[in-house]
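Let's walk through this structure together, one part at a time. Have the sequence and the 3D view open as you read.

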Amino acid sequence: MSSYQPGSVQTHPYVDPTPLPDDIPKVQELGVTSGPLKSAAFFIGAYCKEYNEDFMLCKAENRDPGHCLKEGRRVTRCATSLINKMRENCLSQFQEHWSCLERNNQEYYLCRKPERSLNTCMFEKLGLTKVIPGTPQGQKPIHEVENPVFKAIQK
């Protein structure tokens, strides 16, 4: 004997059971997947450095998640601003690079050619340069090496 059981998928929109307090500024999410975020990561780090540092200092002084919501919102707004500028100024290069990352398991070394064109566009149009933290002084950064020892064949 069988009996009907209703499905678990709800048909009404999701409502957050724990909304943020009114004193926390509202901010839209970035609305991008891991590919575009990884493609823009070094630029976000440079462009939003002050906001990121404020957020990290706040987290270091108090581990309560609610303590640093305002600083976190500032970081998100800054990142959103940069992603929008990248879309306005370097859309084709940005899409080419993050699409390559998504096709190649998020590996930078497999996407150096589209990365170079994105880096050039970002410098020419927005004045931003990709800097990898921790690169030894006087050594050429890995993303600028023309013939690396380990490289994939790129089309």
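The buried residues of α1 pack against α2 (49–61), α3 and α4. Keep in mind that this is a predicted model. On α1, the buried residues are Gly 35, Pro 36, Ser 39, Ala 40, Phe 43 and Ile 44.

The course of α1 itself deserves a look. It bends by about 55° at Ala 41. What about its span? At 1.5 Å a residue, the 14 residues of α1 should span 20 Å, and the end C-alpha atoms are 19 Å apart, which agrees.

Now for the covalent links. How many disulfides does a search of the whole structure find? There are 4. Counting bonded cysteines along the chain, their pattern is 1-4, 2-3, 5-8, 6-7.

One of the disulfides is formed by Cys 48 and Cys 78, with sulfur atoms 2.1 Å apart. Cys 48 sits in the loop between α1 and α2 and Cys 78 in helix α3, so this pair ties together parts that are 30 residues apart in sequence. The link is left-handed, with -95° about the S-S bond, and both Cys 48 and Cys 78 are buried.

Cys 58 is joined to Cys 68 by a disulfide, S to S 2.0 Å. Since Cys 58 lies in helix α2 and Cys 68 in the loop between α2 and α3, the pair ties together parts that are 10 residues apart in sequence. The torsion about the S-S bond is about -100°, so this disulfide is left-handed. Cys 58 is buried, with a relative accessible area of 4%, and Cys 68 counts as buried at 2%.

Finally, return to Cys 100 and Cys 111, which a disulfide joins at S to S 2.1 Å. Cys 100 lies in helix α3 and Cys 111 in the loop between α3 and α4, so the pair ties together parts that are 11 residues apart in sequence. Both Cys 100 and Cys 111 are buried.

Notes:
Residues numbered from 1 in each chain as written. Predicted model: local features only at pLDDT ≥ 70, side-chain atom pairs only at ≥ 80, totals over all residues. Heavy atoms only, no water. Helix = DSSP H or I, 4+ residues; strand = E, 2+ residues; numbered from the N terminus. Expected span 1.5 Å × (residues − 1). Bend = angle between axes of the 7 residues up to and from the residue. Buried < 20%, exposed > 50% of the residue type's maximum accessible area, 1.4 Å probe, protein only. Contact = heavy atoms within 4.5 Å. Disulfide = S-S within 2.5 Å.
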